[in-house]
Amino acid sequence: MWRERPRETLSLQGVVLIKVKMPRRRQRLMAGSGSDGTEDSDSSAEREQTNSSESDGNMHKRQRLTRASTRLSQSSQDTPDLKRTADHDESPPLTPTGNAPSSESELDISSPNASHDESQAKDQANRDSDKDLSHRPKRRRCHETYNFNMKCPTPGCNSLGHLTGKHERHFAVSGCPLYHNLSADECKVKAISREKQEEEMKGQEESNSRHATRHQTPTSKQSRYKEQVAEMRKGRNSSLQKEQKEKHMEHRQTHANTREPLLENITSDYDLELFRKAQARASEDLEKLRIQGQITEGSNMIKTILFGRYELDTWYHSPYPEEYARLGRLYVCEFCLKYMKSQTILRRHMAKCVWKHPPGDEVYRKGAISVFEVDGKKNKIYCQNLCLLAKLFLDHKTLYYDVEPFLFYVMTEADNTGCHLVGYFSKEKNSFLNYNVSCILTMPQYMRQGFGKMLIDFSYLLSKVEEKVGSPERPLSDLGLISYRSYWKEVLLRYMCNFQGKEISIKEISQETAVNPVDIVSTLQALQMLKYWKGKHLVLKRQDLIDEWKAKEIKRGNSNKAIDPSSLKWTPPKGT
């Protein structure tokens, strides 16, 4: 809102004066304010004229103010501003808030030569316009969406183009074409080809959904496509040639970590294209979040954590306190999971920390692998720190602080320094839907080593001891779905390999393996082992899949990455 300034100090520079008539109400008041309390003939005539036009007085007033504002804007364009000409300052006049005025009503149109009545009318117009502006939603400034002072952190990049091919600029490495060894034009071409492929796939899905049956087998086109993909993957060279190796090494020495490594000839063209699509989709999702204001450049997001002897790059945002999140790098004790701001504090803490394993009861031990049962109610701080740490590597996790209704089963690997965190899964104490896993995570440094399957197998072992049929809580994350599908496939193929009868029951499989019948049916359908024939469901024993599984088991040998039920020392908890 504008504050009224003394009229004797008001000035007009470079703006043509516009005479605004006094409002009739004020004329009537001034005409009727005599010393003797009587009205002269002129005042009476004026009052009669005012009364006759009282019904449309407000409308005329608004029209006069609108015409005055229009003439003011035209004259301000034709008449040069003396002060701006003298100072050579082309910036617009500023309002008391420091922003450029959004309308003509914010400009000062009063003058020391203007009459008292004109000043009153202009002040009233300013107040009316301020009232209107106060009810308008605030405009979103350009710099709130794009900060053109920022640049892409990739050396030599001009921030033009985007990995998705849909934006003109980028400010992060995730959308930088140069970092991904591409040009802006190549990204646009790839975006067009991806859109065409997505439209074709949508059309095929719609046609398939219209003619879908209860248990639809793959079409001939899908089977041919699967064979083509298999041929493309087999046809690639398993190793790089000497010239290619030299090229890759030269690229790495030249650019180090400022560029993505060369990916050509490392895998098949089909897999490389899938990886590029995933990169573009992830970059597009990050760009949407940035435009919505959920992620901004330089936002409070932890980039790396120092965890034991590992330095881990984080994947997602975790709601650590702001004073820690804004540091960008966090130092975490690998035993008690306390987080700190600097390596000096971590070193002092490690010298005093007496923890060498998670709190709670050790319910499983075989070799160096142990599992501890931690109650969220008894060890609340540890479980909260564990959830905050897990959120750095999980996308859809929402549990951080309400840990009391859960039990946490923490898997560790022991050496001479202590029990190091491998992964964990949480489980509700009382689950009405018999969920045996609420959240599951394998630490990045232990991924692709079989520990994820061990955690899943351990959760089903607990369900067997409880004499229940378990299933993971939905929805599953992408990595979680892959892990569970692989585990269910292995369980079913092992059961089929050892089964010698002629009739098989899904209920019997569920009771023996503790896997939910719904998960068994979905896995059998994915393996094309469930058919519907003459009103009955038939389970096909595919010998090719069983032989393939046997070959993998022989190649794997006697691995320690398997849960031994005899090493479990645990009884189901009673109540909470």
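Arginine 494 and glutamate 490 are four residues apart in helix H15 (residues 478–498) and hence separated by about one helical turn; helices here are DSSP runs of H or I with at least four residues, strands are runs of E with at least two, and both are numbered from the N terminus. The model is predicted: local features need pLDDT of at least 70, side-chain atom pairs count only at pLDDT 80 or more, and totals for chains, interfaces and linings use all residues. Residues are numbered from 1 along each chain as its sequence is written, and side-chain values use heavy atoms, with hydrogens and water left out.

The side chains of arginine 494 and glutamate 490 form a salt bridge at 2.9 Å, N to O (a side-chain nitrogen of Lys or Arg within 4 Å of a carboxyl oxygen of Asp or Glu). Glutamate 490 is buried at 12% relative accessible area, whereas arginine 494 is partly exposed at 32% (buried means under 20%, exposed over 50%, partly exposed in between, with a 1.4 Å probe and protein chains only).

The whole structure contains twelve salt bridges. One of them joins lysine 427 and glutamate 466 at 3.1 Å, N to O. Lysine 427 belongs to strand S8 (residues 418–428) and glutamate 466 to the loop between helix H14 (451–465) and strand S11 (471–472), so this pair ties together parts 39 residues apart in sequence. Lysine 427 is buried, at 8%.

Strands S12 (residues 530–533) and S13 (residues 536–539) pair in the antiparallel sense over four bridges; pairing requires at least two bridges found by DSSP. They form a hairpin with two residues between them, and lysine 534 in the turn has a positive phi of about 55 degrees.
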